[in-house]
Amino acid sequence: MNIKLRPLVARASIFTPFPKLPIEKYALEHGYIDKSDPDSIPNTVQRESLLKQKDIGKIVNLQKFFAITVKFPFLRPAVKCLVHLPNNIIFEMVFLSTNAILYFKNSFNLNFFQLIVFCVRNVKFYFVKKK
């Protein structure tokens, strides 16, 4: 559907059942998460999933390629193969660079230098785990 709509920017987040919300109770009751632990919530809903379900790795990988596939639909057949591979630093870099170029540049009207500075300042939140 996103490909047909041809949005300027497309983004997908990874679902996170935040503590004390009804969806967290549902996730606990149905075995999608093991326990309610605010410390387990990642810094970003763009990197990993707390959910325990079949094919969650494929879903996380699809999220990494979502924006670039919507922008360049000819990549769809390749992405269908790539999602079956283990997540890796290359997938993460595709995701980060795609978001930097398509989302942040367009949303904040940044020039190339401003975009680089913005990315360097914020990339630590993506890779650093909460303490």
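Reply: At least two residues of the lining of the second largest pocket come from each of α1 (2-5), α3 (56-71) and α4 (76-82), where helices are DSSP runs of H or I with at least four residues, strands are runs of E with at least two, and both are numbered from the N terminus. This is a predicted model, in which local features need pLDDT of at least 70 and side-chain atom pairs count only at pLDDT 80 or more, while totals for chains, interfaces and linings use all residues. Residues are numbered from 1 along each chain as its sequence is written, and side-chain values use heavy atoms, with hydrogens and water left out.

The pocket has a volume of about 250 Å³, that is, the space filled by probe spheres set on grid points joined across faces, edges and corners. Ile3, Leu62, Phe66, Thr69 and Arg76 are the closest to its centre among the 13 lining residues. A pocket here is an open set of points on a 1 Å grid over the protein atoms alone, where a 1.4 Å probe fits, with protein on both sides within 12 Å along at least five of seven lines, and lining residues have an atom within 4 Å of a point.

With 5 residues, α3 gives the largest share of the lining. By kind, the lining holds 8 nonpolar residues, 2 polar and 3 charged, counting Ala, Val, Leu, Ile, Met, Phe, Trp, Tyr, Cys and Pro as nonpolar, Asp, Glu, Lys and Arg as charged, and the others, Gly among them, as polar.
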